[in-house]
Amino acid sequence: MTRPIKIPPFTSKFPPPRVLGPYRARRPRIASNKSLRQINRLYQKVETDISEFLYGNKSMSERIYFSPFKDLYSGEIICYTTSQRPQTKYVLDGLKQVLAAQPARRFTATKAFNTSPKHIARP
């Protein structure tokens, strides 16, 4: 009768990896959205984005670039521009349209002081 051979269990030099719970790991810091702070009038902050759209056979000549301008106060699209090539010129043309669409003001609104005609000290 033969005795069974005892094989020692496999042991490693390194400890097993530690499994972390769902909230024990270091969580990333979420940056605050400073672009949406203190918007209290139209056309105070305007944002744009350039998007590329492919059509047809999706070749270099069959692409169009779209740049809408959005007012952050009201959320409406003020104007947009399109182009066959991603050039600065068509974005600046859209910016000129935004500046032309702004309502005329008698004074500039600043936090430091009011420059309307009735607040200006006359000699």
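A residue is called buried here when its relative accessible area is under 20%, exposed when that area is over 50%, and partly exposed in between (1.4 Å probe, protein chains only). Tyr43 comes in at 16% relative accessibility, so it counts as buried. The model is a predicted one, with local features needing pLDDT of at least 70 and side-chain atom pairs counted only at pLDDT 80 or more, while totals for chains, interfaces and linings use all residues. Residues are numbered from 1 along each chain as its sequence is written, and side-chain values use heavy atoms, with hydrogens and water left out.

Starting with the overall layout, the chain has 1 helix and 4 strands, where helices (H or I, at least four residues) and strands (E, at least two) are DSSP runs numbered from the N terminus. Read from the N terminus on, the order is β-β-β-β-α. Buried residues make up 15% of the 123 residues. The chain exposes about 11600 Å², and 58% of this is supplied by carbon and sulfur atoms; the areas come from the Shrake-Rupley method with a 1.4 Å probe, and for residues only the protein chains shown count as cover. As for contacts (heavy atoms within 4.5 Å), residues 24 or more positions apart account for 31% of those with a separation of 6 or more.

Next comes the core. In soluble globular proteins, nonpolar side chains tend to be buried together. A nonpolar core is taken as a set of buried Ala, Val, Leu, Ile, Met, Phe, Trp, Tyr and Cys residues joined through side-chain atoms within 4.5 Å. The largest such core in this model holds 8 residues: Tyr43, Tyr65, Phe69, Ile78, Cys79, Tyr90, Val91 and Val98. Strand E3 (63–71), strand E4 and helix H1 (88–101) each give two or more residues to this core, with H1 giving the most, at 3 residues.

Ile78 sits in strand E4 (residues 77–83) and, not counting residues up to four places away in sequence, touches Tyr43, Val46, Phe69, Lys70, Asp71, Val98 and Ala101. Its C-alpha is 8.5 Å from that of Gln97, a residue 19 positions away in sequence.

H1 itself passes a simple length check. Tyr90, Val91, Gly94 and Val98 are the buried residues of H1. They cover an arc of only 105 degrees around the axis, which puts them on the same side of H1; the arc is that of the directions from the helix axis to the C-beta atoms. These buried residues pack against strand E1 (46–48), E3 and E4. On the face turned away from the buried side, H1 carries the exposed residues Thr88, Lys89, Lys96, Leu99 and Ala100.

Beyond its neighbours within four places in sequence, Thr81 is in contact with Tyr65, Phe66, Ser67, Tyr90, Asp93, Gly94 and Gln97.

Arg63, in strand E3, is buried as well, at 18% relative accessibility. Its side chain makes a polar contact of 2.8 Å with the side chain of Glu52, and a polar atom of the Arg63 side chain lies 3.4 Å from the backbone oxygen of Ser59. With neighbours within four places left aside, the contacts of Arg63 include Phe53, Tyr55, Lys58 and Ser83.

Finally, a word on backbone angles. Most residues other than glycine have a negative phi, and most peptide bonds are trans. Tyr43, in the segment before E1, has a positive phi of about 60 degrees although it is not a glycine. Lys58 also has a positive phi of about 60 degrees; this residue lies in the loop between strand E2 (51–54) and E3 and, at 55% relative accessibility, counts as exposed.

Conventions
Polar contact = N/O pair within 3.5 Å; in protein donor to acceptor, adjacent residues only side chain to side chain.
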